[in-house]
Amino acid sequence: MAPILEVRDLSKSFKTFKAVDGLSFGISRGEVYGFLGQNGAGKSTTMRMVLGLIFPDSGSIFINGSEFSNSQRHLLKSIGAIIERPDMYGYLSGWENLKIFATLSGTKVPAARLQEVLEIVGLKGREKDKVSAYSQGMKQRLGIAVAMAHQPELLILDEPTNGLDPQGIAEMRSLIISLSKDHDKTIMISSHLLHEIEQVATNMLILHKGKKISEGSVHQLLNPDDTLT
């Protein structure tokens with residue numbers, strides 16, 4: 001079975017800055033795939049290329065075995081994503097935001113599904129409150145509800161714990177684990193913190209200056225001596 005997402009020899013430069021340099025990796029169904037690197041390592045640039053927000057200088061992206069291009073944008077229906085902080089309308093309620101963004105996805109999403117995703121992300125009972133009254137963690141979870149509304153196979157989450165307080169970080173970790181185990185979602189999650197990736201991911205890639213440094217299971221990469229016994 002083809003990986004749900006495969007990247008082959010992907011490169012992207014901005015003028016003289018090489019943001020992504022010959023990057024290749026694959027994500028199989030059921031994985032929580034950690035994308036680890038310092039700020040500026042190329043994580044967000046790679047995710048933006050996968051989502052067709054920017055285009056690579058060279059290389060290929062495959063979604064469910066089909067090569068993605070500007071003429072194959074329908075392939076993106078199998079992906080839901082949050083890149084950086086979700087940009088919501090603060091003067092509208094959580095429910096109103098969810099309905100608007102679900103409509104923009106191009107897929108007709110029934111009200112029952114919207115209620116379901118609100119419950120999954122822990123916002124049931126707060127959906128009528130204005131988003132301006134939400135904590136940052138609640139806004140982030142609403143963003144995940146938006147990303148999940150059209151029932152994608154793969155969720156791409158760019159630094160989902162960034163800017164959250166300790167409680168919000170713990171809630172986000174629990175949600176990511178639940179989405180994987182209880183809702184059968186494949187998840188790609190980026191972070192500049194090893195501690196965050198370690199707690200939720202099954203496999204990870206370490207990125208430095210746009211290049212892959214290492215890739216494998218989280219356990220093997222963090223416990224290399226285990227492979228020798």
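Student: How many aromatic pairs does the structure hold?
Tutor: The structure, a predicted model, holds 4 aromatic pairs. Rings of Phe, Tyr and Trp (its six-membered ring) pair if their centres lie within 6.5 Å; planes under 30 degrees apart count as stacked, over 60 as edge-to-face and the rest as tilted. One of the pairs is phenylalanine 25 with phenylalanine 35, a tilted pair with 5.5 Å centre to centre and 50° between the planes.

Student: Which strands do phenylalanine 25 and phenylalanine 35 lie in?
Tutor: Phenylalanine 25 lies in strand β2 (residues 17–27) and phenylalanine 35 in strand β3 (residues 32–36), so the pair ties together parts that are 10 residues apart in sequence. Helices (H or I, at least four residues) and strands (E, at least two) are DSSP runs, numbered from the N terminus.

Student: Are phenylalanine 25 and phenylalanine 35 buried or exposed?
Tutor: Both phenylalanine 25 and phenylalanine 35 are buried. Buried means under 20% relative accessible area, exposed over 50%, partly exposed in between (1.4 Å probe, protein chains only). Phe25 and Phe35 also form one aromatic cluster with Tyr33.

Student: And why is the pair of tyrosine 89 and phenylalanine 101 stacked?
Tutor: The ring centres of tyrosine 89 and phenylalanine 101 are 5.9 Å apart and the planes are at 20°, so the pair is stacked. Tyrosine 89 lies in the loop between β6 (79–82) and α2 (94–104), while phenylalanine 101 is in helix α2, so the pair ties together parts that are 12 residues apart in sequence. Tyrosine 89 counts as partly exposed, at 36% relative accessibility, and phenylalanine 101 counts as partly exposed at 22%.

Student: Which residues make the contact?
Tutor: Gly94, Asn97, Leu98 and Phe101 of α2 and Leu142, Ala145 and Val146 of α4 make the contact. Contact means heavy atoms within 4.5 Å.

Student: What does serine 93 touch?
Tutor: Leaving aside neighbours within four places in sequence, serine 93 is in contact with Glu127, Lys128, Asp129, Lys130 and Val131. Serine 93 lies in the loop between β6 and α2 and counts as buried, at 8% relative accessibility.

Student: New topic: how many residues of α1 are buried?
Tutor: In helix α1 (residues 43–50), 6 of its 8 residues are buried. They are Lys43, Thr45, Thr46, Met47, Met49 and Val50. Glycine 52 follows α1, and its phi is positive, near 75°.

Student: What about phi of asparagine 64?
Tutor: Phi of asparagine 64 is near 50°, a positive value in a residue other than glycine. Most residues other than glycine have a negative phi. Asparagine 64 is in the loop between β4 (58–63) and β5 (66–67).

Student: And where does glutamate 159 lie?
Tutor: Glutamate 159 lies in the loop between β7 (154–158) and α5 (166–181). Its phi is positive, about 50°, although glutamate 159 is not a glycine. Glutamate 159 is buried, with a relative accessible area of 12%.

Terms used: Residues numbered from 1 in each chain as written. Predicted model: local features only at pLDDT ≥ 70, side-chain atom pairs only at ≥ 80, totals over all residues. Heavy atoms only, no water.
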